[in-house]
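Here's a quick briefing to read with the model open beside you. Have a look at the rings, then the sheet, then a charged side chain.

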2 protein chains.
Amino acid sequence: MTRPIFSITALIALGSLSGCTPQPPPRNAPDDMTAVTALRDSFVRTFAAGDAEAIGKLYTPDVVVMQSHQPTETGREAVVKSNAGLFSQFGVKLELMSDETVTMGDFGYDRGRYRFTLTPKTAGMPAPPTDEGRYLVLLHKEADGHWLVSRDIGSSSLPMPMPPAPTPTAARKGREGGHN
Amino acid sequence: MTRPIFSITALIALGSLSGCTPQPPPRNAPDDMTAVTALRDSFVRTFAAGDAEAIGKLYTPDVVVMQSHQPTETGREAVVKSNAGLFSQFGVKLELMSDETVTMGDFGYDRGRYRFTLTPKTAGMPAPPTDEGRYLVLLHKEADGHWLVSRDIGSSSLPMPMPPAPTPTAARKGREGGHN
């Protein structure tokens, strides 16, 4: 086996020789945890306000957003555009229930559950069913001390909607169509 | 404002006084990156082999798995049980295309795209459609140097299946209308 270039043992040995040991970044420092809670609350507030620009500022410029059954959105501008489109049609209520938050230096993550309710702005348009699921976001502490979301993935926990059950008539029609 | 208990400035000052500065954990050390690639390949291989016990050993004991439209699974045993149930009915082909891997000390993450194909073991059972989506896994380097997955979330990128059309008659009318 080859020897690891950066083994823990080697680092500790180096640290001992020079009179110091490597310091891992502080985990869950109280100020960082408070800032992440405030960031999470900002998502809820800006979605309720339908403010796509303000939501964009909660993400890093190079963010990657991956929501259930939606195309991957890369970069803050793509996310702003997508949410502006959403808010043109719907009022949004986003609820976030965090189950786990970890910070380590300028990196962190937050994991939990979401509930996402859309109310159509067009009279008579039926409301889509409320989505429920899990989220995992990666967090980055910027040079100015602000925490932002750098990666955002959501995964619905509702049962997969069943495709339309083909009635005997519809199924036959389909097959007939295929032969034309 | 209260002074942070662990401010970067204070840590640097302490480090300077004692003749050393805090060392963040090495990022993307070559041995760690190689191990994470091998871990990803192990997932593909153990799914292809239908080996639920072997898959379980790729996860930390306290793993949380969140797959699209599936209940959250907490703990290695729950994941083994769920996959054993899957393999009793289906052959599985899992494909993983990584877009980003980061390690920092004993923590890391891997993000990319998946394709998940099920082949029924029962003759005549129709195959479910192949799922495609995005994944984000958090990684932990155990005390023995092995990397394992500690959090695993998947999010389908396919369009949401449409709810059943109101009536076969109305749906047929609609399609006919489109051809006029």
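Predicted model: local features only at pLDDT ≥ 70, side-chain atom pairs only at ≥ 80, totals over all residues.

Residues are numbered from 1 along each chain as its sequence is written, chains are lettered from A and ligands numbered from 1 in the order in which they are written, and side-chain values use heavy atoms, leaving out hydrogens and water.

**Rings between the chains**
- Searching the whole structure turns up nine aromatic pairs over all chains (Phe, Tyr and Trp rings, the six-membered one for Trp, with centres within 6.5 Å; planes under 30 degrees apart are stacked, over 60 edge-to-face, the rest tilted).
- A:Phe107 and B:Phe107 make a tilted pair, because their ring centres are 5.4 Å apart and their planes sit at 55°.
- A:Phe107 is in strand 4 (residues 107-120) of chain A and B:Phe107 in strand 4 (residues 107-120) of chain B, so this pair joins two chains; strands are DSSP runs of E, at least two residues, and helices are runs of H or I, at least four, numbered from the N terminus.
- A:Phe107 and B:Tyr109 are stacked, because their centres are 5.8 Å apart and their planes at 10°.
- Ring pairs tie A:Phe107, A:Tyr109, B:Phe107 and B:Tyr109 into a cluster.

**The sheet in chain B**
- Six strands of chain B make an open sheet with mixed pairing, in the order 2-1-6-5-4-3; two strands pair if DSSP finds at least two bridges between them.
- Strand 2 (73-74) and strand 3 (90-104) of chain B are the edges, each pairing on one side only.
- Strand 4 and strand 5 (residues 131-141) of chain B run antiparallel, joined by 10 bridges.
- B:Tyr114 has B:Gly133, in strand 5 of chain B, as its bridge partner.

- B:Asp152 belongs to strand 6 (residues 147-156) of chain B.
- B:Asp152 is buried but has no salt bridge (a Lys or Arg side-chain nitrogen within 4 Å of an Asp or Glu carboxyl oxygen).
- The nearest side chain of opposite charge to B:Asp152 is A:Arg134, 9.9 Å away; Lys and Arg count as positive, Asp and Glu as negative, and His and the chain ends are not counted.
- Beyond its neighbours within four places in sequence, B:Asp152 is in contact with residues including B:Tyr59, B:Met66 and B:Leu136 (heavy atoms within 4.5 Å).

Conventions:
Buried < 20%, exposed > 50% of the residue type's maximum accessible area, 1.4 Å probe, protein only.
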